Amino acid sequence: MFNNFMRRAEINYDLGKKDLKRYYNPMRDNGWLEQKLNFIWNNHFFDIPRHNEVSIKFGQKASTRLGSIKLIQNSKFKIQNYGKVHCHHRTLITITGHFIDERVPEEVIDVVIAHELAHYAHGFFSPLPQLARYPHHGGLVDTELKNRGFTEKLKFQKKWLKDNWKDVIGTTLKHRRTRRRSRKERISIFQFLIDLVILIILINFPMT
Ligand SMILES: [Zn+2]
């Protein structure tokens, strides 16, 4: 992660001051998510070994599924035992695209990333031994998060989502409606122009 950080810094340094400024005022992109993942792993999940490549990215703007974790099998490698997860399988964590919106507090995103990491720690979509039959068995994930210092952030996340989530996803819906309306307007302008052309033709070439 640090190497990645340095690489980005170097690239931006080469590009000049303007880009350097952009780097110090980072937007929420996949690199930002990766830094977050590494920070949470190093500070809250440091006892969990990272046996395979784990990547994280923003996905579609999902309103209910805020995060997900899955395994990508690399076909280049021969799978020795079916059903067993090997180190060369890549784990991919996907975070809802709504979290790019800067109104969403970072704490809310942290908890979602930690939730997916808890699944990894329990052996779901990871090469680690599976600790339970189902990923959410008996509130397993929340207990894990509380044990790892997320009690306050969990409470905050729950309340924030209850109070604000509708606004965040509602704005997107409103934008979509506005777009649709303007498309309708464009169609009516087009229709008006056609009518005008027909009228001009009729005036110039009156039917006898
Ligand atoms: Zn889950």
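Two residues are taken to be in contact if their C-beta atoms, placed from the backbone, lie within 7 Å. On this basis, among contacts in the protein between residues at least 6 apart in sequence, 68% join residues at least 24 apart. The model is a predicted one. The protein has 208 residues, of which 18% count as buried. Its secondary structure comprises six helices and three strands, and the order of these elements from the N terminus on is α-α-α-β-β-β-α-α-α.

The largest nonpolar core consists of 22 residues. Within this core, the residues with the most contacts are Ile93, Ile95, Ile113, Ala114, Leu117, Ala118 and Tyr120. At least two core residues come from each of helix H3 (30-44), strand S1 (54-58), strand S3 (90-95), helix H4 (106-121) and helix H5 (140-147). Helix H4 contributes the most, with eight residues. In soluble globular proteins, nonpolar side chains tend to be buried together.

The axes of H3 and H4 come within 10 Å and cross at roughly 65°, which makes H3 roughly perpendicular to H4. The crossing of H3 past H4 is right-handed. On the H3 side, the contact is formed by Lys36, Leu37, Ile40, Trp41 and His44, which meet Ile109, Asp110, Ile113, Ala114 and Leu117 of H4. Seven of the residues in this contact of H3 with H4 are nonpolar, one is polar and two are charged. Leu117, one of the core residues with the most contacts, is in contact with Ile40, Trp41 and Phe45 when its neighbours within four places in sequence are left aside.

H4 also packs against H5, at an angle of about 105° and with the two axes 9 Å apart. H4 is therefore roughly perpendicular to H5. Here Ala114, His115, Ala118, His119 and Ala121 of H4 meet Val141, Glu144 and Leu145 of H5. The residues of this contact of H4 with H5 divide into five nonpolar, two polar and one charged.

On the H5 side, Val141 counts as buried because 21 C-beta neighbours lie inside 10 Å, the cut-off for burial being 20 or more. Apart from neighbours within four places in sequence, Val141 is in contact with His115, Ala118, His119 and His136. The C-alpha atoms of Val141 and His119 are 7.1 Å apart in space, while the two residues are 22 apart in sequence.

The loop between H4 and H5 includes Phe125 and Ser126. Phe125 has a phi near 60°, a positive value in a residue other than glycine. Phe125 is buried, since 24 other C-beta atoms lie within 10 Å. Ser126 likewise counts as buried, with 24 C-beta neighbours inside 10 Å. A separation of 6.6 Å is found between the C-alpha atoms of Ser126 and Thr91, although these residues are 35 apart along the chain.

How values were computed: Residues are numbered from 1 along each chain as its sequence is written. This is a predicted model: local features need pLDDT of at least 70, side-chain atom pairs count only at pLDDT 80 or more; totals for chains, interfaces and linings use all residues. A nonpolar core is a set of buried Ala, Val, Leu, Ile, Met, Phe, Trp, Tyr and Cys residues joined through C-beta atoms within 7 Å. A residue is buried if 20 or more other C-beta atoms lie within 10 Å of its own, exposed if 12 or fewer, and partly exposed in between; C-beta atoms are placed from the backbone. Helices (H or I, at least four residues) and strands (E, at least two) are DSSP runs, numbered from the N terminus. Axes are lines fitted to C-alpha atoms, for helices over the stretch in contact, and angles run from 0 to 180 degrees between N-to-C directions. Angles under 35 degrees count as roughly parallel, over 145 as roughly antiparallel, 65 to 115 as roughly perpendicular and the rest as oblique. A crossing is left-handed if the near helix is turned anticlockwise from the far one by less than a right angle, and right-handed if clockwise. Ala, Val, Leu, Ile, Met, Phe, Trp, Tyr, Cys and Pro count as nonpolar, Asp, Glu, Lys and Arg as charged, and the others, Gly among them, as polar.
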